[in-house]
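Hello,

Here is the structure I promised to hand over. Please open it alongside this email, and my notes follow below.

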Amino acid sequence: MDRILNNKWSIRIIALLLAAILFTSVNASNNSATSLSTTASSDTEVIENVPVKVYYDKTNLYISGVPETVTVTISGPRSIVQSAKAQQDFTVYADLRNASIGTQEVKLQVKDISDRLKVKVDPVSVNVNVQEKVTKKFSVDVELSKSVIADGYEAGTPVVDPKKVSITGAKDTIEQIAYVKATLESDGKHKSEFTDNATVSVFDSNLNKLDVEVSPQEVEVTVPVEKVGKSVPIKINQEGTPESDIEISSITPDKSEVVVVGDDTVLDKIKEIEIPIDVTKIKADTVKEVTVPVPTGAKSVQPTTIEVKIKTIKKSEASGDTNSTENNQEPESNDTTTNDSEDTDTKESKVSKSFSDMQVYMSGLKNTLDAQMVTPANGKVTVTITGEKKTVDSIVAKDLSVIANLSKGNAGDFSTPLEVNGLPDNVAYKVNPISADFIIKEKEAQNTVPSKNT
């Protein structure tokens, strides 16, 4: 051993071996650390609501079908991913600069993002409709909701500023335009002239809203208002006889007065309006919707219908209370009366409920025809449903739709019964009024759309 340690070549060989072992150990450690560091620094982020830009010939083409926003998933080195998410300086776009007219599938692309990131766009591609761009001017019609004008007052011809709006869209969409409407829906109950802004909406002949650009989107509407009626008290007259075990305790209308519209000489003679209420076969508390009669010589009444609450009391219960006081009946007798009452209530479980201001919707109208609703004038009716209490109580207005079927309508005057959809089979209904009247015209004869063009 001493001879080996004293030999300089032996020492050199041992040192070289130790150096080689040390180098191999350090290099392996560094590679392992680098691998762990690289794995730990990768990241994935999902970025929602990224806007989409569309490159196309804006002068001559109109594009539809491209979503306003998409979801982008990016993955790669953590620092770059976090920077891209924070700044969102990249762009998602659809390149339609060389697109042809018609429907086509277009891939969504991303630019201005690091090459070191993997990018996924959801959706990857979209179906786009490319059409010739058309801009035309149309006159604006004004619609007033029932709540805008107070009872006893009447709206004159509205004045719109501007009278016409520019509508831009695909050529085939512009050709479908049948109505350009500005609707006032405020609850002002105005009694004098007023001015308000209204948003313009565009519809086809079936009242489907069209995807077009309107300029300006709002118009100023001035509505003249004048008094046309007189407030007259209501007098309720009970008619008929209820069930033998029932007494009517009260009949209360939801309005004490209505407004009668007509000439002054006629209105001066009207002191009250008598409304007969038939209580025949009334079995329990109920609410009736009744039509307000128009006095002789008058033009109309507002509102046309009112609700009347009828309160009842059972004669057996009333007599039971009296006998109990005067004759001091035994408890058994009282128990029997209670049971009879419960049996009667079980048999009388059917109730009624009314929904007012239900919108009438048209269906089935031929594409070559256009229809204008004459009655009901405001396009709304009252629906009364009758059925088991539990079922009726669960039904709300949004469950129902009132339909006027125009599939058999031709040019001219047309009347059709109104139908109610959305009701269970065991629930009956009545509509007031029961039918709707229309004036139907050929589109070419009516010339609605061309007359609105500049």
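A residue counts as exposed when its relative accessible area is over 50%, as buried under 20%, and as partly exposed in between. Please keep in mind that this is a predicted model.

Start with Asn49. Its relative accessibility is 56%, so Asn49 counts as exposed. Asn49 sits in strand β1, which covers residues 42-55. Its phi is positive, at about 55°, although Asn49 is not a glycine.

Gln88 also has a positive phi, near 45°, and is a residue other than glycine. Look for Gln88 in the loop between α3 (78-87) and β4 (91-95). Its relative accessible area is 38%, so Gln88 is partly exposed.

Now the chain as a whole. The protein chain has ten helices and 31 strands. Of its 454 residues, 32% are buried. The chain exposes about 27,800 Å², and carbon and sulfur atoms supply 48% of that. Take the contacts with a separation of 6 or more: 72% of them join residues 24 or more positions apart.

A word on confidence. The mean pLDDT is 81, and 84% of the residues reach 70 or more. Two stretches need care. Over residues 318-348 the pLDDT stays under 50, and the model has 13 contacts beyond four places in sequence for them. Residues 445-454 are also below 50, with 22 contacts beyond near neighbours in sequence.

Next, the cis peptide bonds. One joins Ser215 and Pro216, with omega about -5°. Pro216 is in the loop between β15 (213-215) and β16 (218-223). Another joins Thr375 and Pro376, again with omega about -5°. Pro376 lies in the loop between β26 and β27.

That loop between β26 (369-375) and β27 also holds Asn378. With a relative accessible area of 38%, Asn378 is partly exposed. Its C-alpha atom is 9.0 Å from that of Leu144, a residue 234 residues away along the chain.

Move on into strand β27 (residues 380-388) and you reach Thr384. Which side chain does the side chain of Thr384 meet in a polar contact? It is that of Ser354, at 2.9 Å. Beyond four places in sequence, Thr384 is in contact with several residues, including Glu289, Ser352, Tyr429 and Lys430.

One last item, at a ring. Lys111 lies over the face of Tyr93, at 5.5 Å from the ring centre.

Best wishes

Methods. Residues numbered from 1 in each chain as written. Predicted model: local features only at pLDDT ≥ 70, side-chain atom pairs only at ≥ 80, totals over all residues. Heavy atoms only, no water. Helix = DSSP H or I, 4+ residues; strand = E, 2+ residues; numbered from the N terminus. Polar contact = N/O pair within 3.5 Å; in protein donor to acceptor, adjacent residues only side chain to side chain. Contact = heavy atoms within 4.5 Å. Lys NZ or Arg CZ within 6 Å of the ring centre and 35° of its normal. Buried < 20%, exposed > 50% of the residue type's maximum accessible area, 1.4 Å probe, protein only. Areas by Shrake-Rupley, 256 points an atom, 1.4 Å probe, with all protein chains shown as cover. pLDDT = per-residue confidence, 0-100.
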